[in-house]
Amino acid sequence: MTAYIHGQNVNLTFRPPNRAPVRALQGFDIAVEEGEFLSIVGPSGCGKSTFLSILLGLLKPDSGDIDLHGKPIAGPGTDRAMVFQEFGLLPWRSVAQNIELGLQLKGVAAAPRRQIAQRFIEMVGLRGFESHYPHELSGGMKQRVGLARALATDPDVLLMDEPFAALDAQTRDLMQAELLRIWQEARKTVLFVTHQIDEAIYLSDRVLVMTKRPGRAKKIFTIDLPRPRDYEMRVTPEFNDLKLEIWNALKDEIMG
Amino acid sequence: MMEDAVPRPSFVQQNRKLLLGSLSVVAFFIAWQAAFLVVPFNSLFITKPSLMFEALWRLTLSGQLFFDLGASAAPFFWGLGAAVVVGVPLGILMGWRSRVGQALDPLLTALYASPLVALAPLIVIFLGVGPTGKAFIVFVLTVFDFVFNAYAGVRSVDNLLLNVVRSFGGKEKDLYLKVIIPSVIPYIVAGARIGVGRALVGVLIGEFFAASEGVGYGIVKFGNFFALDSMFSYILVITLIAVILTQGIRWAERAAFPWRAGQ
């Protein structure tokens with residue numbers, strides 16, 4: 001049986017005008033199970049975000065196969081949604097209107113749209129901020145909107161591209177816990193790109209380490225820590241052992 | 001009882017900005033009037049606020065002011081309208097098709113920077129002293145405000161937001177409706193805010209060179225007759241109109257684009 005998300009020998013080279021081509025992914029393989037939380041860590045510029053863009057359908061690989069639920073990916077679809085690092089909120093839309101964006105593009109009528117949006121506003125803890133504009137929100141609140149917007153279209157797969165990288169450390173811890181809570185509730189398949197080993201271990205079922213550019217899968221770690229997880233887990237010996245192992249796999253790629 | 005402990009802000013506190021601003025205007029007129037208690041007054045060279053407001057009252061009652069305002073308003077709106085109709089699409093095209101932008105940018109920047117006012121006598125020779133010539137001067141002076149603001153607006157469109165809309169299955173039409181147009185409109189309105197000031201200058205200049213009616217013509221005519229009280233009353237009216245239009249657009253911007261407050 002093939003995996004829920006299955007990528008084999010994926011290759012992509014960027015060819016910017018007037019500059020040398022950049023090989024982003026070369027021979028990248030991946031297999032993700034349904035409902036799994038998988039994190040991807042790797043050195044800067046290793047093609048992690050590129051891979052998410054391919055899954056999202058915004059980029060096409062030069063060669064290789066990527067299937068979702070047994071079907072090849074051809075462009076964006078409502079079965080996937082992305083949470084962006086820089087939030088990507090439309091500044092002229094209120095919190096509620098931003099969350100409704102995906103539903104609106106999907107053709108959902110105004111009344112049910114508002115109802116669905118309200119449910120996710122409450123899930124991410126933004127009740128009372130429905131009519132605020134993005135510039136009136138803190139970074140953490142903006143990313144709550146980003147998360148609610150992605151969840152509102154009820155995708156099967158949630159793609160998260162360093163979603164908490166722009167947040168301060170305390171807000172990040174809080175958002176990680178919130179994400180785990182929401183994930184237990186919604187049970188989506190999550191692909192989570194991050195630079196932080198801590199974050200990857202704390203959230204994931206498995207952690208995939210990528211090589212430096214051109215990126216391919218180097219090693220996969222299974223995180224056998226029990227769920228639900230809490231903050232104290234981060235100081236246990238098991239957690240630190242995993243952290244060291246992953247760091248050792250990543251070290252050569254960063255230093256080299 | 002705790003709520004009562006915090007006093008409501010007084011009328012003065014609430015309107016401090018407006019009050020202080022008005023105070024300086026009133027002080028200016030008082031100082032102007034009072035100066036002639038010391039300086040000898042000669043109505044051939046200067047006027048004072050009391051005479052100016054008296055002339056304004058006279059010209060309002062006789063209908064002369066409204067006649068001239070009407071004569072100036074038509075070319076003002078036609079010229080400005082033409083500048084929007086030509087400038088906005090051109091600016092959007094330059095931003096969207098980068099080759100068009102790169103080709104036209106140097107020429108248009110040079111024209112924008114050059115003192116186009118100097119062409120006014122030529123325009124009057126070609127198009128005559130009527131409203132057409134005046135409207136064309138207004139057009140030439142303001143079209144670049146719309147071109148460059150629309151151009152900047154399109155270039156300011158955030159690629160990330162386009163990708164967000166695409167990722168939810170948005171089509172070309174959605175990119176325009178949900179991202180590009182909302183990004184560009186505030187720039188165009190900002191262009192209009194600069195443009196109305198320049199358009200007023202354009203009308204006056206057109207009427208200075210050659211005209212038989214209009215506020216600018218009136219200013220020159222009164223000057224020639226040494227009717228400085230009437231001349232200054234017209235300048236005051238133009239100033240007031242400029243302030244009202246600019247502030248009106250500013251107010252409309254705040255009302256229409258509340259998200260811009262944070263930028």
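The model is predicted: local features need pLDDT of at least 70, side-chain atom pairs count only at pLDDT 80 or more, and totals for chains, interfaces and linings use all residues. Residues are numbered from 1 along each chain as its sequence is written, and chains are lettered from A and ligands numbered from 1 in the order in which they are written.

A word on names. Helices (H or I, at least four residues) and strands (E, at least two) are DSSP runs, numbered from the N terminus.

Start with helix H7 of chain A, residues 237–255. H7(A) has 19 residues. From first C-alpha to last, H7(A) reaches 26 Å, close to the 27 Å expected. The expected span is 1.5 Å times one less than the number of residues. H7(A) also bends, by about 30 degrees, at A:Ala249. That bend is the angle between axes fitted to the seven residues ending there and the seven starting there.

Which residues of H7(A) are buried? They are A:Leu242, A:Ile246, A:Ala249 and A:Leu250. Buried here is 20 or more other C-beta atoms within 10 Å of a residue's own; exposed is 12 or fewer; partly exposed is in between; C-beta atoms are placed from the backbone. An α-helix has 3.6 residues a turn, so residues three or four places apart point the same way. What covers the buried residues of H7(A)? The cover includes strand S3 (37–41), helix H6 (197–203), S9 and S10 of chain A.

Now the backbone. Most residues other than glycine have a negative phi, and most peptide bonds are trans. Look at A:Arg213 to A:Pro214: that bond is cis, with omega near -10 degrees. A:Pro214 lies in the loop between S9 (206–210) and S10 (217–222). A:Arg227 to A:Pro228 is cis too, with omega near -5 degrees. A:Pro228 is in the loop between S10 and H7.

Next, positive phi. A:Arg187 has phi near 50 degrees. A:Arg187 sits in the loop between helix H5 (169–186) and strand S8 (189–194) of chain A. A:Arg187 counts as exposed because it has 12 C-beta neighbours inside 10 Å. In chain B, phi of B:Phe226 is near 60 degrees. B:Phe226 is in the loop between helix H11 (215–224) and H12.

Last stop: B:Ile238, in helix H12 (residues 228–256) of chain B. B:Ile238 is partly exposed because 19 other C-beta atoms lie within 10 Å. Leaving aside neighbours within four places in sequence, B:Ile238 is in contact (C-beta atoms, placed from the backbone, within 7 Å) with B:Leu200, B:Leu204 and B:Val215.

Methods
Two residues are in contact if their C-beta atoms, placed from the backbone, lie within 7 Å.
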